[in-house]
Amino acid sequence: MPFAPGILPSQTIEALAASGCIRAAEPLTPGQVQPASLDLRLGRRVFRVRASFLPGRDMPVAERIARLSLHEIDLTRGAVLETGAVYIAELLEGLRLPHDLAAAANPKSSTGRLDVFTRVIADGAREFDQIEPGYDGPLYLEISPRTFPVLVRTGSRLSQLRFRSGAVRLDDRELAELHARDRLVTSAEPNIQSGIAVSVDLSGIGPERLVGYRAKRYTGLVDVDKVGACDVLDYWDPISVRGAGELILDPGQFYILASKEAVHVPPDHAAEMTPFDPLVGEFRVHYAGFFDPGFGHAGAGGAGSRAVLEVRSRDVPFILEDGQVVGRLVYERMSERPAALYGSGLGSNYQAQGLKLSKHFRAG
């Protein structure tokens with residue numbers, strides 16, 4: 001089938017599945033196709049491996065697993081994945097891509113907010129999360145929980161896949177023009193340079209001046225398929241600030257913060273948070289980077305939506321200040337408008353969000 005340049009919308013992803021370009025061991029389930037992405041499901045087996053790897057050209061992932069596997073785990077009955085370990089899971093979805101279509105993966109928002117590091121691997125891959133045009137084969141998922149042990153099972157969705165036809169990323173001039181039409185962020189004078197800048201909000205919410213959460217160590221496990229099953233205070237320490245609005249990031253700790261700007265993704269575009277330049281700070285922001293068409297869009301109930309920032313300091317303590325730039329959003333054109341936008345009756349968990357933990361946690 002011919003593809004117009006752009007990120008493929010939900011209706012085209014469904015057509016890909018119907019035509020056999022997406023090969024699923026089990027039929028796709030309701031809600032698995034998002035406005036601009038496909039949720040990937042864990043298969044029947046996961047392998048604890050000695051180390052992360054890329055298979056390299058002409059090397060099947062299964063062959064690497066056979067060399068590096070410590071043991072095989074059955075996912076059909078559920079399994080706990082421990083922190084600090086590396087696992088490779090089979091996925092229920094495979095691909096038979098046409099030669100004019102590529103794909104890219106990213107952790108789902110809920111996965112990133114749990115500090116579960118995931119990367120999709122394809123046979124012969126020389127990069128994580130990148131599927132070359134014309135790829136025909138299975139997909140695997142590297143999983144490494146960093147903070148909380150997680151309970152997963154066959155069908156659990158930790159990562160998502162986007163399909164891309166052509167070069168569709170907006171350059172800075174195009175991004176400025178789009179912002180002038182649709183106001184992508186609420187900054188008075190947005191910083192546009194290889195994307196549009198996003199800063200951190202450390203001004204504080206309410207009389208307690210809540211700015212975020214720091215993950216506790218040695219907690220119970222999180223069932224990735226259960227919404228609202230965990231109490232916030234069993235897993236997180238709320239963080240308040242005083243004075244000028246500064247936060248010292250402790251090395252090795254994981255934080256949930258929020259952007260100062262509200263973010264808007266117009267219906268005919270998709271966005272992605274890119275890793276921030278390490279030259280301006282020893283920290284990493286946002287593991288889960290996809291923003292669907294309609295995120296923060298008033299017509300889809302998203303006015304005022306903030307970007308949630310998943311933050312980890314590297315090797316030294318680092319001071320964040322209120323309003324400091326911590327990431328950049330890049331925007332890409334959709335090949336056509338999705339049949340439904342993010343938040344428009346889809347049960348989207350993070351539309352109109354402020355400072356928000358993953359869907360697994362309940363307050364009180």
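Biologist: Which residues touch the most other members in the largest nonpolar core?
Modeller: Leu 95, Ile 131, Phe 163, Trp 236 and Phe 361, out of 54 residues in that core. A nonpolar core is a set of buried Ala, Val, Leu, Ile, Met, Phe, Trp, Tyr and Cys residues joined through side-chain atoms within 4.5 Å. Buried is under 20% relative accessible area, exposed over 50%, partly exposed in between (1.4 Å probe, protein chains only). Another core, of 32 residues, lies apart from it, with Leu 184 and Phe 318 among them.

Biologist: What are the ground rules here?
Modeller: This is a predicted model, where local features need pLDDT of at least 70, side-chain atom pairs count only at pLDDT 80 or more, and totals for chains, interfaces and linings use all residues. Residues are numbered from 1 along each chain as its sequence is written, and side-chain values use heavy atoms, leaving out hydrogens and water.

Biologist: Switching to H4. Which residues are buried there?
Modeller: Glu 174, Leu 175, Leu 178 and His 179, in a helix spanning residues 172–182. Helices (H or I, at least four residues) and strands (E, at least two) are DSSP runs, numbered from the N terminus.

Biologist: Why are they on the same side of H4?
Modeller: Because they cover an arc of only 140° around the axis, using directions from the helix axis to the C-beta atoms.

Biologist: And what do the buried residues of H4 pack against?
Modeller: Strands S14 (196–199), S21 (269–274) and S26 (325–333). Contact means heavy atoms within 4.5 Å.

Biologist: Which residue follows H4?
Modeller: Arg 183, with a positive phi near 45°.
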